[in-house]
Amino acid sequence: FENEEGMAATSTKKLRSGLVGEIESIYKKGDLVETLRFGSMISRHLWLSGRYKDRIAIGMMVEDAASLLEHHEEQIQTLIDDIGWTNVLVGKLDIAEKNIEHGVRLALTKGHYFWAAKGERHLAGVADWYKNNLVQTKAHLAKAHEYAQKITDETARKETLAGLDYALADLNL
């Protein structure tokens with residue numbers, strides 16, 4: 001079993017470097033559409049498997065491609081989740097906050113209120129869990145609530161507001 005585990009670890013490392021390398025190769029060739037398509041597709045897998053550094057590295061390329069292609073929603077999602085929140089988890093709070101804040105600003109200018117609300121909720125999490133700053137936490141949750149009210153899809157709005165109510169209740173406990 002030790003040998004199989006060692007082989008599995010080696011295979012995982014090869015797969016990881018292969019994924020990042022493949023997307024980097026596509027990106028360097030200037031194929032922005034394929035970079036965006038492939039990079040966005042594997043983001044969730046990298047998240048669920050705990051490959052945070054890979055998610056950030058690929059997210060940087062995807063964000064640039066989305067920006068150049070003017071695919072604003074993909075750019076916003078990448079800034080807020082792939083680069084922003086994932087950097088929180090690896091302890092790079094300054095980088096995380098800058099990317100999340102940029103994503104929120106862009107979301108507001110493009111009318112993507114779901115992402116603006118999600119970004120503010122992420123910023124509330126940083127303020128609460130890492131900075132222990134109750135004033136900032138409540139301010140971010142209030143902004144998130146304000147933006148969530150503007151979500152046009154009724155189901156998404158209700159789910160987002162319910163999540164924010166839960167976060168506020170948890171904070172008050």
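Author: Let's start with T160, which sits in helix 8. Bear in mind that this is a predicted model.

Reader: Why is T160 called buried?

Author: Its relative accessible area is 12%, and the cut-off for buried is under 20%, so T160 gets that label. As for neighbours, T160 touches F114, A117, A148 and I151, leaving aside residues up to four places away in sequence.

Reader: And N99, what makes that one buried?

Author: N99 comes out at 16% relative accessibility, and buried means under 20%, so N99 counts as buried. N99 belongs to helix 5 and touches L79, I83 and G84, again not counting residues up to four places away in sequence. There's also W85, 14 residues from N99 along the chain, with 8.8 Å between the two C-alpha atoms.

Reader: How do you know that D81 and K118 form a salt bridge?

Author: Their closest N and O atoms are 2.9 Å apart. The criterion asks for a Lys or Arg side-chain nitrogen within 4 Å of an Asp or Glu carboxyl oxygen, so the pair qualifies. D81 is in helix 4 and K118 in helix 6, so the bridge ties together parts 37 residues apart in sequence.

Reader: Are those two partners buried or exposed?

Author: D81 has a relative accessible area of 9%, and with buried set at under 20%, D81 is buried. K118 has 27%, which falls between the under 20% of buried and the over 50% of exposed, so K118 is partly exposed.

Reader: What makes K28 and E24 a salt bridge?

Author: The N to O distance is 4.0 Å, and the rule is within 4 Å, so the pair is listed as a salt bridge. Both residues lie in helix 1 (residues 2-28), 4 residues apart, or about one turn of the helix. K28 is exposed at 66% relative accessibility, while E24, at 34%, is partly exposed.

Reader: Which other pair sits about one turn apart in a helix?

Author: E154 and K158, 4 residues apart in helix 8. Their side chains meet in a salt bridge at 2.9 Å, N to O. The structure holds 6 salt bridges.

Reader: What makes up the largest nonpolar core?

Author: That core has 25 residues, and I76, V88, V104, L141 and A148 touch the most other members. Two or more residues each come from helix 4 (72-89), helix 5 (93-110), helix 6 (113-130), helix 7 (134-148) and helix 8 (154-172). Helix 6 gives the most, with 6 residues. I76 touches G103, L106, A107, H112 and W115, not counting residues up to four places away in sequence.

Reader: How many helices and strands does the chain have?

Author: 8 helices and 0 strands. Buried residues make up 40% of the 173 residues. Of the contacts with a separation of 6 or more, 54% join residues 24 or more positions apart. The C-alpha atoms fill a box of roughly 50 × 40 × 30 Å along the principal axes.

Key: Residues numbered from 1 in each chain as written. Predicted model: local features only at pLDDT ≥ 70, side-chain atom pairs only at ≥ 80, totals over all residues. Heavy atoms only, no water. Core = buried A, V, L, I, M, F, W, Y, C linked by side-chain atoms within 4.5 Å. Buried < 20%, exposed > 50% of the residue type's maximum accessible area, 1.4 Å probe, protein only. Contact = heavy atoms within 4.5 Å.
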